[in-house]
Amino acid sequence: MREIDKISEGVMKNHGFMIKKTSWYRLTPDFIQIINFQKSYYGNMYYLNVGIDLIEGNIRFQPEYKFSVRLRSETILSGSELIKSFDFESPYNEEQRRQDIFTIINEILIILDAVQRKEDFLKVAQEHPWDKALIIGTFKNKIGLK
């Protein structure tokens with residue numbers, strides 16, 4: 001297990017997520033949700049990707065890039081200095097890194113916790129930058145929202 005997953009494991013499991021390969025998945029009544037820590041090709045740095053997709057038929061634990069709605073944490077937490085905690089090459093107090101990563105994950109989880117059913121999505125989409133997510137128009141049609 002990667003260091004970032006070890007740091008986040010407790011909070012992710014407490015919120016009902018399970019790890020498959022390098023992504024964390026959670027099932028809600030209508031959606032499958034993903035939190036993925038994508039490792040940079042250029043160093044020991046991570047990007048936090050978030051995704052939501054409608055559960056249709058058999059549940060597939062697909063990679064994050066195949067989710068209908070997906071964002072990077074920077075879009076949701078724009079302007080946050082906490083993002084620097086994902087750079088494991090930068091000088092950073094390890095306890096502070098853990099706390100900052102928990103803070104970021106908890107902010108993401110507040111948003112995901114509010115999206116359990118189709119009707120929740122539109123309300124949350126108006127309060128958070130999901131309109132910047134990929135394929136959002138198609139997804140709204142897919143779940144029956146205009």
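Before I start on the pocket, I need one term: a lining residue has an atom within 4 Å of a point of the pocket. I also note that this is a predicted model.

I looked up the largest pocket and found about 230 Å³ of space in it. It has 15 lining residues, and Thr-22, Ser-23, Asn-36, Pro-63 and Glu-64 are the closest to its centre. Next I asked which elements give two or more residues to the lining. They are β2 (23-27) and β3 (31-39). β3 gives the most, with three residues. I then sorted the lining by class: five residues are nonpolar, six are polar and four are charged.

**Helix α3**

I checked the length of α3, residues 94-113. At 1.5 Å a residue, its 20 residues should span 28 Å. The end C-alpha atoms are 28 Å apart, so the two values agree. At the start of α3, I found a side-chain oxygen of Asn-93 within 2.9 Å of the backbone nitrogen of Glu-95. Then I looked for buried residues in α3. Among them are Ile-101, Ile-104, Ile-105, Ile-108 and Leu-112. Arg-97 and Asp-100 are buried too. I recalled that an α-helix has 3.6 residues a turn, so residues three or four places apart point the same way.

**Core**

In soluble globular proteins, nonpolar side chains tend to be buried together. Here the largest nonpolar core has 30 residues. Ile-35, Phe-37, Leu-48, Phe-86 and Ile-105 have the most contacts inside it. I noted that α1, β3, β4, α3 and α4 each supply at least two residues of this core. Which element gives the most? It is α3, with seven residues.

Methods:
Residues are numbered from 1 along each chain as its sequence is written. This is a predicted model: local features need pLDDT of at least 70, side-chain atom pairs count only at pLDDT 80 or more; totals for chains, interfaces and linings use all residues. Side-chain values use heavy atoms; hydrogens and water are left out. On a 1 Å grid over the protein atoms alone, a cavity is a set of points where a 1.4 Å probe fits but cannot get out, and a pocket is an open set with protein on both sides within 12 Å along at least five of seven lines; lining residues have an atom within 4 Å of a point. Grid points are joined across faces, edges and corners, and a volume is the space filled by probe spheres set on the points. Helices (H or I, at least four residues) and strands (E, at least two) are DSSP runs, numbered from the N terminus. Ala, Val, Leu, Ile, Met, Phe, Trp, Tyr, Cys and Pro count as nonpolar, Asp, Glu, Lys and Arg as charged, and the others, Gly among them, as polar. The expected span of a helix is 1.5 Å times one less than its number of residues. Buried means under 20% relative accessible area, exposed over 50%, partly exposed in between (1.4 Å probe, protein chains only). A polar contact is a pair of N or O atoms within 3.5 Å; within protein, one must be able to donate a hydrogen and the other to accept it, and residues adjacent in sequence count only if both atoms are side-chain atoms. A nonpolar core is a set of buried Ala, Val, Leu, Ile, Met, Phe, Trp, Tyr and Cys residues joined through side-chain atoms within 4.5 Å.
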